[in-house]
Protein chains: 2
Amino acid sequence: MNSVLRARALELIEARGFEATTAEDISQAAGISRRTFFRYFPIREDVLFSDHAAYLLAVEQRLTTRHDEPILVAGHALEAVIDGYLLDADFVRRRSAVVRPVSALRDREVLWFREYQTLLASYLSADERGTRGAIFAQIVAAALLAALNQVLERYLETPDGEDPKALFAELLDDIADSMADTGLRGRGPGPEHPERTGVVVINSTLSADEIADLIDKAER
Amino acid sequence: MNSVLRARALELIEARGFEATTAEDISQAAGISRRTFFRYFPIREDVLFSDHAAYLLAVEQRLTTRHDEPILVAGHALEAVIDGYLLDADFVRRRSAVVRPVSALRDREVLWFREYQTLLASYLSADERGTRGAIFAQIVAAALLAALNQVLERYLETPDGEDPKALFAELLDDIADSMADTGLRGRGPGPEHPERTGVVVINSTLSADEIADLIDKAER
DNA sequence: CATCGGTTGGCACTGAGTGACAGGATACTG
DNA sequence: CAGTATCCTGTCACTCAGTGCCAACCGATG
(Lines give C-alpha, C1' and ligand atoms only; values in the text may rest on other atoms or scores of the structure.)
Protein backbone atom coordinates (compact mmCIF):
# COMPACT_ATOMS: atom_id res chain seq x y z
CA MET A 1 0.00 0.00 0.00
CA ASN A 2 2.72 2.26 1.13
CA SER A 3 4.43 1.97 -2.23
CA VAL A 4 1.19 2.17 -4.18
CA LEU A 5 0.52 5.50 -2.56
CA ARG A 6 3.99 6.66 -3.41
CA ALA A 7 3.58 5.72 -7.04
CA ARG A 8 0.16 7.33 -7.44
CA ALA A 9 1.32 10.43 -5.64
CA LEU A 10 4.32 10.87 -7.89
CA GLU A 11 2.22 10.46 -11.01
CA LEU A 12 -0.29 13.03 -9.89
CA ILE A 13 2.36 15.49 -8.78
CA GLU A 14 4.23 15.12 -12.04
CA ALA A 15 1.02 15.90 -13.87
CA ARG A 16 -0.44 18.76 -11.84
CA GLY A 17 2.34 19.98 -9.60
CA PHE A 18 2.67 19.44 -5.88
CA GLU A 19 0.56 22.30 -4.56
CA ALA A 20 -2.32 21.32 -6.78
CA THR A 21 -2.29 17.71 -5.57
CA THR A 22 -4.28 17.29 -2.38
CA ALA A 23 -4.17 14.39 0.02
CA GLU A 24 -7.68 13.62 -1.12
CA ASP A 25 -6.56 13.31 -4.74
CA ILE A 26 -3.82 10.88 -3.86
CA SER A 27 -5.92 8.73 -1.59
CA GLN A 28 -8.64 8.54 -4.16
CA ALA A 29 -6.20 7.55 -6.89
CA ALA A 30 -4.94 4.78 -4.62
CA GLY A 31 -8.40 3.66 -3.64
CA ILE A 32 -8.27 4.46 0.04
CA SER A 33 -9.83 7.09 2.22
CA ARG A 34 -8.22 10.40 3.07
CA ARG A 35 -8.20 9.39 6.70
CA THR A 36 -6.21 6.28 5.96
CA PHE A 37 -3.76 8.24 3.88
CA PHE A 38 -2.88 10.32 6.90
CA ARG A 39 -2.39 7.17 8.89
CA TYR A 40 0.34 6.11 6.51
CA PHE A 41 1.83 9.58 6.18
CA PRO A 42 1.08 11.97 9.03
CA ILE A 43 2.81 14.62 6.97
CA ARG A 44 1.58 14.90 3.42
CA GLU A 45 5.01 15.62 1.94
CA ASP A 46 6.33 12.32 3.20
CA VAL A 47 4.46 10.31 0.60
CA LEU A 48 7.46 11.03 -1.55
CA PHE A 49 10.08 10.21 1.07
CA SER A 50 8.93 6.91 2.53
CA ASP A 51 12.13 5.26 1.33
CA HIS A 52 14.24 7.27 3.73
CA ALA A 53 12.66 5.56 6.70
CA ALA A 54 13.93 2.29 5.30
CA TYR A 55 17.37 3.61 4.47
CA LEU A 56 17.62 4.97 7.97
CA LEU A 57 17.11 1.51 9.36
CA ALA A 58 19.67 0.10 6.97
CA VAL A 59 22.21 2.72 8.00
CA GLU A 60 21.61 2.02 11.65
CA GLN A 61 22.07 -1.66 10.96
CA ARG A 62 25.37 -1.16 9.21
CA LEU A 63 26.71 0.91 12.05
CA THR A 64 26.69 -2.12 14.28
CA THR A 65 27.96 -4.75 11.86
CA ARG A 66 31.40 -3.43 11.19
CA HIS A 67 34.42 -2.62 13.23
CA ASP A 68 36.93 -0.16 11.98
CA GLU A 69 37.89 3.46 12.33
CA PRO A 70 34.55 5.06 13.41
CA ILE A 71 34.49 7.60 10.61
CA LEU A 72 34.94 4.88 8.05
CA VAL A 73 32.22 2.79 9.63
CA ALA A 74 29.90 5.77 9.53
CA GLY A 75 30.74 6.40 5.91
CA HIS A 76 30.24 2.80 4.99
CA ALA A 77 26.87 2.83 6.72
CA LEU A 78 25.79 5.84 4.71
CA GLU A 79 26.44 3.97 1.51
CA ALA A 80 23.20 2.17 2.22
CA VAL A 81 21.47 5.32 1.04
CA ILE A 82 23.41 5.34 -2.20
CA ASP A 83 22.55 1.69 -2.70
CA GLY A 84 18.93 2.54 -2.19
CA TYR A 85 19.08 5.31 -4.75
CA LEU A 86 20.77 3.05 -7.26
CA LEU A 87 18.22 0.32 -6.84
CA ASP A 88 15.32 2.70 -7.15
CA ALA A 89 16.96 4.93 -9.71
CA ASP A 90 13.88 5.51 -11.77
CA PHE A 91 11.66 6.66 -8.97
CA VAL A 92 14.36 8.66 -7.32
CA ARG A 93 15.09 10.61 -10.49
CA ARG A 94 11.50 11.45 -11.13
CA ARG A 95 11.13 12.49 -7.55
CA SER A 96 14.06 14.81 -7.67
CA ALA A 97 12.49 16.54 -10.66
CA VAL A 98 9.37 17.36 -8.70
CA VAL A 99 11.11 18.14 -5.43
CA ARG A 100 13.61 20.64 -6.74
CA PRO A 101 11.19 23.45 -7.61
CA VAL A 102 9.00 23.10 -4.52
CA SER A 103 10.37 24.56 -1.33
CA ALA A 104 8.07 22.60 0.95
CA LEU A 105 9.46 19.40 -0.52
CA ARG A 106 13.04 20.52 -0.44
CA ASP A 107 12.61 21.40 3.21
CA ARG A 108 11.15 18.04 3.98
CA GLU A 109 14.06 16.36 2.28
CA VAL A 110 16.53 18.41 4.26
CA LEU A 111 14.88 17.23 7.45
CA TRP A 112 15.20 13.63 6.37
CA PHE A 113 18.88 14.08 5.78
CA ARG A 114 19.09 15.65 9.18
CA GLU A 115 17.90 12.33 10.59
CA TYR A 116 20.93 10.59 9.18
CA GLN A 117 23.13 13.27 10.61
CA THR A 118 21.87 12.89 14.15
CA LEU A 119 22.07 9.13 13.85
CA LEU A 120 25.70 9.28 12.77
CA ALA A 121 26.53 11.91 15.33
CA SER A 122 25.22 9.83 18.15
CA TYR A 123 27.16 6.85 16.87
CA LEU A 124 30.35 8.85 16.50
CA SER A 125 30.08 10.41 19.91
CA ALA A 126 29.32 7.11 21.60
CA ASP A 127 32.93 6.21 22.25
CA GLU A 128 34.15 9.75 22.57
CA ARG A 129 34.70 11.15 26.00
CA GLY A 130 33.91 14.67 27.01
CA THR A 131 32.32 17.69 25.44
CA ARG A 132 34.82 18.10 22.65
CA GLY A 133 34.23 14.61 21.42
CA ALA A 134 30.52 15.24 21.11
CA ILE A 135 31.12 18.45 19.23
CA PHE A 136 33.52 16.88 16.81
CA ALA A 137 31.12 14.02 16.29
CA GLN A 138 28.50 16.52 15.15
CA ILE A 139 30.92 18.26 12.85
CA VAL A 140 32.11 15.06 11.25
CA ALA A 141 28.56 13.81 10.87
CA ALA A 142 27.61 17.07 9.19
CA ALA A 143 30.55 16.80 6.82
CA LEU A 144 29.69 13.22 5.92
CA LEU A 145 26.13 14.14 5.22
CA ALA A 146 27.08 17.08 3.10
CA ALA A 147 29.26 14.73 1.11
CA LEU A 148 26.49 12.19 0.71
CA ASN A 149 24.09 14.91 -0.26
CA GLN A 150 26.41 16.23 -2.94
CA VAL A 151 27.08 12.78 -4.29
CA LEU A 152 23.39 12.04 -4.59
CA GLU A 153 22.65 15.40 -6.09
CA ARG A 154 25.27 14.98 -8.75
CA TYR A 155 24.11 11.48 -9.48
CA LEU A 156 20.59 12.76 -9.97
CA GLU A 157 21.42 15.63 -12.21
CA THR A 158 23.86 13.84 -14.49
CA PRO A 159 22.66 10.29 -15.08
CA ASP A 160 25.82 9.28 -16.86
CA GLY A 161 28.26 10.95 -14.50
CA GLU A 162 30.78 9.58 -12.10
CA ASP A 163 29.98 6.42 -10.17
CA PRO A 164 28.37 7.75 -7.00
CA LYS A 165 29.80 5.10 -4.74
CA ALA A 166 33.29 5.75 -5.99
CA LEU A 167 32.89 9.48 -5.60
CA PHE A 168 31.58 9.04 -2.10
CA ALA A 169 34.38 6.69 -1.17
CA GLU A 170 36.82 9.31 -2.35
CA LEU A 171 35.20 12.07 -0.33
CA LEU A 172 34.99 9.80 2.66
CA ASP A 173 38.71 9.19 2.45
CA ASP A 174 39.37 12.90 2.26
CA ILE A 175 37.22 13.58 5.28
CA ALA A 176 38.70 10.76 7.29
CA ASP A 177 42.19 11.99 6.46
CA SER A 178 41.33 15.52 7.41
CA MET A 179 40.08 14.46 10.76
CA ALA A 180 42.97 12.18 11.46
CA ASP A 181 45.71 14.76 11.76
CA THR A 182 44.19 17.71 13.57
CA GLY A 183 42.19 18.75 16.56
CA LEU A 184 39.16 17.14 14.99
CA ARG A 185 40.22 13.84 16.39
CA GLY A 186 38.21 11.10 17.86
CA ARG A 187 39.97 10.57 21.11
CA GLY A 188 40.73 14.13 21.91
CA PRO A 189 43.69 16.28 20.95
CA GLY A 190 46.65 14.82 22.62
CA PRO A 191 46.39 14.61 26.39
CA GLU A 192 45.68 10.90 26.33
CA HIS A 193 48.81 10.08 24.39
CA PRO A 194 51.20 12.79 25.53
CA GLU A 195 54.31 10.92 24.54
CA ARG A 196 53.29 10.22 20.95
CA THR A 197 55.10 12.13 18.24
CA GLY A 198 53.72 12.47 14.76
CA VAL A 199 55.38 14.13 11.85
CA VAL A 200 53.70 15.12 8.65
CA VAL A 201 55.54 16.47 5.68
CA ILE A 202 53.48 17.89 2.88
CA ASN A 203 54.39 18.32 -0.74
CA SER A 204 58.03 18.31 0.03
CA THR A 205 60.69 18.49 -2.62
CA LEU A 206 63.28 18.86 0.09
CA SER A 207 65.52 16.23 1.56
CA ALA A 208 65.18 14.98 5.10
CA ASP A 209 68.18 17.06 6.10
CA GLU A 210 66.71 20.25 4.79
CA ILE A 211 63.47 19.51 6.59
CA ALA A 212 65.28 18.86 9.82
CA ASP A 213 66.86 22.22 9.30
CA LEU A 214 63.49 23.88 8.94
CA ILE A 215 62.35 22.27 12.15
CA ASP A 216 65.44 23.50 13.91
CA LYS A 217 64.73 27.04 12.84
CA ALA A 218 61.05 26.80 13.72
CA GLU A 219 61.77 25.53 17.20
CA ARG A 220 61.28 28.02 20.00
CA MET B 1 5.53 45.34 15.28
CA ASN B 2 7.63 42.49 14.20
CA SER B 3 9.31 42.39 17.59
CA VAL B 4 6.08 43.00 19.48
CA LEU B 5 4.66 39.91 17.86
CA ARG B 6 7.73 37.96 18.77
CA ALA B 7 7.50 38.98 22.39
CA ARG B 8 3.77 38.27 22.73
CA ALA B 9 4.18 34.97 20.96
CA LEU B 10 6.93 33.84 23.27
CA GLU B 11 4.94 34.76 26.36
CA LEU B 12 1.90 32.88 25.20
CA ILE B 13 3.88 29.84 24.15
CA GLU B 14 5.71 29.77 27.45
CA ALA B 15 2.38 29.82 29.22
CA ARG B 16 0.32 27.38 27.17
CA GLY B 17 2.76 25.52 24.99
CA PHE B 18 3.25 25.91 21.28
CA GLU B 19 0.54 23.65 19.92
CA ALA B 20 -2.05 25.34 22.08
CA THR B 21 -1.11 28.82 20.87
CA THR B 22 -2.89 29.69 17.65
CA ALA B 23 -2.02 32.42 15.23
CA GLU B 24 -5.25 34.04 16.29
CA ASP B 25 -4.15 34.10 19.94
CA ILE B 26 -0.89 35.77 19.08
CA SER B 27 -2.36 38.36 16.76
CA GLN B 28 -5.00 39.22 19.29
CA ALA B 29 -2.42 39.62 22.05
CA ALA B 30 -0.49 41.97 19.79
CA GLY B 31 -3.56 43.91 18.73
CA ILE B 32 -3.56 43.07 15.06
CA SER B 33 -5.69 40.88 12.85
CA ARG B 34 -4.92 37.27 12.08
CA ARG B 35 -4.55 38.16 8.43
CA THR B 36 -1.90 40.73 9.20
CA PHE B 37 -0.05 38.25 11.34
CA PHE B 38 0.36 35.99 8.35
CA ARG B 39 1.61 38.92 6.35
CA TYR B 40 4.49 39.29 8.77
CA PHE B 41 5.08 35.57 9.15
CA PRO B 42 3.82 33.41 6.31
CA ILE B 43 4.81 30.44 8.42
CA ARG B 44 3.49 30.50 11.93
CA GLU B 45 6.61 28.98 13.50
CA ASP B 46 8.73 31.83 12.23
CA VAL B 47 7.36 34.25 14.79
CA LEU B 48 10.05 32.84 17.01
CA PHE B 49 12.84 32.99 14.45
CA SER B 50 12.56 36.44 12.96
CA ASP B 51 16.04 37.28 14.22
CA HIS B 52 17.64 34.80 11.86
CA ALA B 53 16.57 36.82 8.87
CA ALA B 54 18.59 39.70 10.29
CA TYR B 55 21.58 37.56 11.17
CA LEU B 56 21.54 36.17 7.70
CA LEU B 57 21.94 39.65 6.30
CA ALA B 58 24.73 40.39 8.73
CA VAL B 59 26.55 37.24 7.77
CA GLU B 60 26.20 38.03 4.10
CA GLN B 61 27.55 41.50 4.79
CA ARG B 62 30.58 40.21 6.60
CA LEU B 63 31.42 37.85 3.78
CA THR B 64 32.18 40.80 1.57
CA THR B 65 34.01 43.03 3.98
CA ARG B 66 37.00 40.90 4.73
CA HIS B 67 39.78 39.39 2.78
CA ASP B 68 41.57 36.37 4.06
CA GLU B 69 41.60 32.63 3.70
CA PRO B 70 38.02 31.90 2.56
CA ILE B 71 37.27 29.46 5.35
CA LEU B 72 38.33 32.00 7.92
CA VAL B 73 36.24 34.68 6.29
CA ALA B 74 33.26 32.37 6.36
CA GLY B 75 33.87 31.57 9.99
CA HIS B 76 34.24 35.19 10.90
CA ALA B 77 31.02 35.98 9.11
CA LEU B 78 29.19 33.33 11.10
CA GLU B 79 30.22 34.99 14.31
CA ALA B 80 27.55 37.54 13.54
CA VAL B 81 25.08 34.93 14.69
CA ILE B 82 26.89 34.44 17.97
CA ASP B 83 26.95 38.19 18.44
CA GLY B 84 23.23 38.26 17.89
CA TYR B 85 22.65 35.53 20.44
CA LEU B 86 24.81 37.31 22.98
CA LEU B 87 23.01 40.60 22.50
CA ASP B 88 19.61 39.01 22.76
CA ALA B 89 20.61 36.46 25.35
CA ASP B 90 17.44 36.69 27.36
CA PHE B 91 15.05 36.10 24.51
CA VAL B 92 17.22 33.48 22.92
CA ARG B 93 17.37 31.44 26.10
CA ARG B 94 13.67 31.52 26.68
CA ARG B 95 13.12 30.57 23.08
CA SER B 96 15.39 27.61 23.27
CA ALA B 97 13.40 26.33 26.23
CA VAL B 98 10.19 26.30 24.22
CA VAL B 99 11.75 25.11 20.99
CA ARG B 100 13.54 22.07 22.35
CA PRO B 101 10.49 19.96 23.19
CA VAL B 102 8.51 20.82 20.05
CA SER B 103 9.54 19.02 16.90
CA ALA B 104 7.82 21.46 14.57
CA LEU B 105 9.94 24.25 16.05
CA ARG B 106 13.14 22.27 16.03
CA ASP B 107 12.57 21.51 12.39
CA ARG B 108 11.99 25.10 11.59
CA GLU B 109 15.20 26.05 13.34
CA VAL B 110 17.11 23.43 11.39
CA LEU B 111 15.85 24.96 8.18
CA TRP B 112 17.03 28.39 9.27
CA PHE B 113 20.48 27.05 9.90
CA ARG B 114 20.35 25.46 6.51
CA GLU B 115 20.04 28.95 5.09
CA TYR B 116 23.39 29.92 6.54
CA GLN B 117 24.88 26.77 5.15
CA THR B 118 23.79 27.45 1.60
CA LEU B 119 24.92 31.03 1.91
CA LEU B 120 28.38 30.00 3.03
CA ALA B 121 28.59 27.23 0.49
CA SER B 122 27.88 29.57 -2.33
CA TYR B 123 30.49 31.98 -1.03
CA LEU B 124 33.07 29.25 -0.60
CA SER B 125 32.48 27.80 -4.02
CA ALA B 126 32.60 31.18 -5.71
CA ASP B 127 36.32 31.15 -6.31
CA GLU B 128 36.63 27.39 -6.60
CA ARG B 129 36.94 25.88 -9.99
CA GLY B 130 35.31 22.68 -11.05
CA THR B 131 32.96 20.17 -9.53
CA ARG B 132 35.23 19.16 -6.71
CA GLY B 133 35.48 22.70 -5.47
CA ALA B 134 31.72 23.01 -5.23
CA ILE B 135 31.47 19.75 -3.34
CA PHE B 136 34.14 20.71 -0.87
CA ALA B 137 32.51 24.06 -0.39
CA GLN B 138 29.34 22.30 0.70
CA ILE B 139 31.23 20.02 3.03
CA VAL B 140 33.13 22.82 4.66
CA ALA B 141 30.00 24.91 5.00
CA ALA B 142 28.26 22.00 6.65
CA ALA B 143 31.13 21.54 9.07
CA LEU B 144 31.17 25.22 9.95
CA LEU B 145 27.47 25.21 10.60
CA ALA B 146 27.63 22.14 12.74
CA ALA B 147 30.29 23.89 14.76
CA LEU B 148 28.22 27.03 15.12
CA ASN B 149 25.22 24.99 16.05
CA GLN B 150 27.09 23.15 18.75
CA VAL B 151 28.56 26.33 20.13
CA LEU B 152 25.18 27.96 20.38
CA GLU B 153 23.60 24.88 21.85
CA ARG B 154 26.20 24.65 24.53
CA TYR B 155 25.92 28.33 25.25
CA LEU B 156 22.19 27.98 25.70
CA GLU B 157 22.26 25.00 27.97
CA THR B 158 25.02 26.12 30.27
CA PRO B 159 24.71 29.87 30.87
CA ASP B 160 28.01 30.06 32.68
CA GLY B 161 29.98 27.86 30.37
CA GLU B 162 32.80 28.54 28.01
CA ASP B 163 32.84 31.79 26.05
CA PRO B 164 31.01 30.88 22.88
CA LYS B 165 33.08 33.09 20.64
CA ALA B 166 36.28 31.61 21.96
CA LEU B 167 34.99 28.10 21.55
CA PHE B 168 33.89 28.82 18.03
CA ALA B 169 37.20 30.40 17.15
CA GLU B 170 38.89 27.27 18.36
CA LEU B 171 36.66 24.99 16.31
CA LEU B 172 37.09 27.23 13.32
CA ASP B 173 40.83 26.90 13.60
CA ASP B 174 40.54 23.14 13.79
CA ILE B 175 38.35 23.02 10.75
CA ALA B 176 40.52 25.36 8.75
CA ASP B 177 43.58 23.32 9.68
CA SER B 178 41.88 20.09 8.70
CA MET B 179 40.98 21.43 5.33
CA ALA B 180 44.36 22.93 4.72
CA ASP B 181 46.36 19.72 4.57
CA THR B 182 44.22 17.29 2.66
CA GLY B 183 42.08 16.82 -0.38
CA LEU B 184 39.51 19.10 1.14
CA ARG B 185 41.39 22.06 -0.18
CA GLY B 186 40.16 25.23 -1.67
CA ARG B 187 42.53 25.58 -4.56
CA GLY B 188 43.10 21.94 -5.23
CA PRO B 189 45.44 19.50 -3.55
CA GLY B 190 48.90 20.74 -4.13
CA PRO B 191 49.70 21.10 -7.81
CA GLU B 192 49.46 24.87 -7.68
CA HIS B 193 52.13 25.23 -5.00
CA PRO B 194 54.33 22.22 -5.66
CA GLU B 195 57.41 23.80 -4.17
CA ARG B 196 55.90 24.63 -0.81
CA THR B 197 57.03 22.56 2.13
CA GLY B 198 55.01 22.29 5.31
CA VAL B 199 55.94 20.42 8.43
CA VAL B 200 53.62 19.63 11.27
CA VAL B 201 54.74 18.11 14.52
CA ILE B 202 52.11 16.95 16.90
CA ASN B 203 52.38 16.58 20.64
CA SER B 204 56.07 16.24 20.55
CA THR B 205 58.18 15.72 23.61
CA LEU B 206 61.14 15.05 21.38
CA SER B 207 63.90 17.40 20.36
CA ALA B 208 64.35 18.69 16.86
CA ASP B 209 67.21 16.28 16.33
CA GLU B 210 65.18 13.27 17.30
CA ILE B 211 62.41 14.40 14.99
CA ALA B 212 64.81 14.83 12.12
CA ASP B 213 65.89 11.30 12.83
CA LEU B 214 62.34 10.05 12.60
CA ILE B 215 61.95 11.74 9.27
CA ASP B 216 65.11 10.14 8.03
CA LYS B 217 63.84 6.72 8.92
CA ALA B 218 60.42 7.38 7.46
CA GLU B 219 61.83 8.57 4.16
CA ARG B 220 61.44 6.17 1.29
C1' DC C 1 -20.16 -19.35 16.53
C1' DA C 2 -18.16 -15.80 19.54
C1' DT C 3 -14.89 -12.59 20.17
C1' DC C 4 -10.86 -10.13 19.88
C1' DG C 5 -6.97 -7.12 17.95
C1' DG C 6 -5.95 -4.47 14.15
C1' DT C 7 -7.20 -1.83 10.10
C1' DT C 8 -10.31 1.12 7.65
C1' DG C 9 -13.87 4.60 6.58
C1' DG C 10 -16.94 8.36 7.67
C1' DC C 11 -17.83 12.47 10.09
C1' DA C 12 -16.98 16.55 12.22
C1' DC C 13 -13.93 19.87 13.88
C1' DT C 14 -9.84 23.03 14.52
C1' DG C 15 -6.63 25.84 12.64
C1' DA C 16 -3.06 27.22 8.98
C1' DG C 17 -2.64 29.73 5.04
C1' DT C 18 -4.50 32.53 0.97
C1' DG C 19 -7.13 35.42 -2.40
C1' DA C 20 -10.14 39.31 -3.02
C1' DC C 21 -11.83 43.48 -1.76
C1' DA C 22 -12.67 47.50 0.87
C1' DG C 23 -11.33 51.13 3.75
C1' DG C 24 -7.79 54.09 5.93
C1' DA C 25 -3.44 56.24 6.59
C1' DT C 26 0.39 58.60 4.52
C1' DA C 27 2.97 60.96 1.27
C1' DC C 28 3.53 63.24 -2.90
C1' DT C 29 1.97 66.74 -6.35
C1' DG C 30 -0.06 70.68 -8.37
C1' DC D 1 -5.46 73.09 0.21
C1' DA D 2 -7.64 69.31 -2.64
C1' DG D 3 -6.61 65.33 -5.38
C1' DT D 4 -4.48 61.20 -5.93
C1' DA D 5 -1.39 57.34 -5.76
C1' DT D 6 0.65 53.96 -2.55
C1' DC D 7 1.03 51.14 1.10
C1' DC D 8 -0.85 48.86 5.13
C1' DT D 9 -4.56 46.86 7.51
C1' DG D 10 -8.95 44.37 8.49
C1' DT D 11 -12.87 41.48 6.98
C1' DC D 12 -14.79 37.76 4.80
C1' DA D 13 -14.78 33.53 2.65
C1' DC D 14 -12.59 29.58 1.15
C1' DT D 15 -9.41 25.38 0.69
C1' DC D 16 -7.09 21.98 2.76
C1' DA D 17 -3.93 19.64 6.31
C1' DG D 18 -4.27 17.12 10.19
C1' DT D 19 -6.83 14.81 14.21
C1' DG D 20 -10.22 12.70 17.51
C1' DC D 21 -14.06 9.70 17.73
C1' DC D 22 -16.76 5.99 16.72
C1' DA D 23 -18.71 2.46 13.93
C1' DA D 24 -17.95 -1.20 10.61
C1' DC D 25 -15.13 -4.68 8.92
C1' DC D 26 -11.66 -8.45 8.50
C1' DG D 27 -8.92 -12.25 9.76
C1' DA D 28 -7.34 -15.20 13.30
C1' DT D 29 -8.10 -17.91 17.28
C1' DG D 30 -10.55 -20.43 20.86
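In this predicted model, A:Asn149 is buried, with a relative accessible area of 15%. Here buried means under 20% relative accessible area, exposed means over 50%, and partly exposed is in between, for a 1.4 Å probe and protein chains only. A:Asn149 lies in helix α8 (residues 130-157) of chain A. Helices are DSSP runs of H or I with at least four residues, strands are DSSP runs of E with at least two, and both are numbered from the N terminus. Not counting residues up to four places away in sequence, A:Asn149 touches A:Phe113 and B:Arg114, where contact means heavy atoms within 4.5 Å.

Local features need pLDDT of at least 70 and side-chain atom pairs count only at pLDDT 80 or more, whereas totals for chains, interfaces and linings use all residues; side-chain values use heavy atoms, with hydrogens and water left out. Residues are numbered from 1 along each chain as its sequence is written, chains are lettered from A, and ligands are numbered from 1 in the order in which they are written.

The secondary structure of chain A consists of ten helices and one strand. Along the sequence these elements follow the pattern α-α-α-α-α-α-α-α-α-β-α. Of the 220 residues in chain A, 46% are buried. Among contacts in this chain between residues at least 6 apart in sequence, 68% join residues at least 24 apart.

Two further positions in chain A were examined. A:Gly75 lies in helix α5 (residues 70-87) of chain A and is buried, with a relative accessible area of 0%. Its C-alpha atom is separated by 9.0 Å from that of A:Leu120, 45 residues apart along the chain. When neighbours within four places in sequence are left aside, A:Gly75 is in contact with A:Leu144, A:Phe168 and A:Leu172. A:Ala169 belongs to helix α9 (residues 164-180) of chain A and counts as partly exposed at 31% relative accessibility. The C-alpha atoms of A:Ala169 and A:His76 are separated by 8.4 Å, although these residues are 93 apart along the chain.

UniProt, in an unreviewed entry, places the feature "DNA-binding region" at residues 22-41 of chain A. UniProt positions are given in the numbering used here, feature names are shortened, and annotations may be inferred rather than shown by experiment. In the model, the end C-alpha atoms of residues 22-41 of chain A lie 13 Å apart, and the span is 75% helix and 0% strand.

Helix packing was considered next. Two packed helices are described by the angle between their axes and the distance between the axes. Axes are lines fitted to C-alpha atoms, for helices over the stretch in contact, and angles run from 0 to 180 degrees between N-to-C directions. In chain A, the axes of helix α4 (residues 50-64) and helix α7 (residues 103-126) come within 10 Å and cross at roughly 15 degrees. α4(A) and α7(A) are therefore roughly parallel to each other; angles under 35 degrees count as roughly parallel, over 145 as roughly antiparallel, 65 to 115 as roughly perpendicular and the rest as oblique. The residues in contact include A:His52, A:Tyr55 and A:Leu63 in α4(A), and A:Trp112, A:Phe113 and A:Tyr123 in α7(A). By class, this contact has eleven nonpolar, one polar and two charged residues. Ala, Val, Leu, Ile, Met, Phe, Trp, Tyr, Cys and Pro count as nonpolar, Asp, Glu, Lys and Arg as charged, and the others, Gly among them, as polar.

In chain B, the axes of helix α4 (residues 50-64) and helix α5 (residues 70-87) come within 8 Å and cross at roughly 150 degrees, which makes α4(B) roughly antiparallel to α5(B). Among the residues making the contact are B:His52 and B:Tyr55 of α4(B), and B:Val73 and B:Gly84 of α5(B). The residues of this contact divide into eleven nonpolar, three polar and three charged.

The axes of helix α1 (residues 2-16) and helix α2 (residues 23-30) of chain B come within 9 Å and cross at roughly 125 degrees, which makes α1(B) oblique to α2(B). B:Val4, B:Leu5, B:Arg8, B:Ala9, B:Leu12 and B:Arg16 in α1(B) meet B:Asp25, B:Ile26, B:Ala29 and B:Ala30 in α2(B). This contact has seven nonpolar, no polar and three charged residues.

B:Val47 is placed in the loop between α3 (34-40) and α4 of chain B and counts as buried at 2% relative accessibility. Its contacts, leaving aside neighbours within four places in sequence, are with B:Leu5, B:Arg6, B:Ala9, B:Phe37 and B:Phe41.
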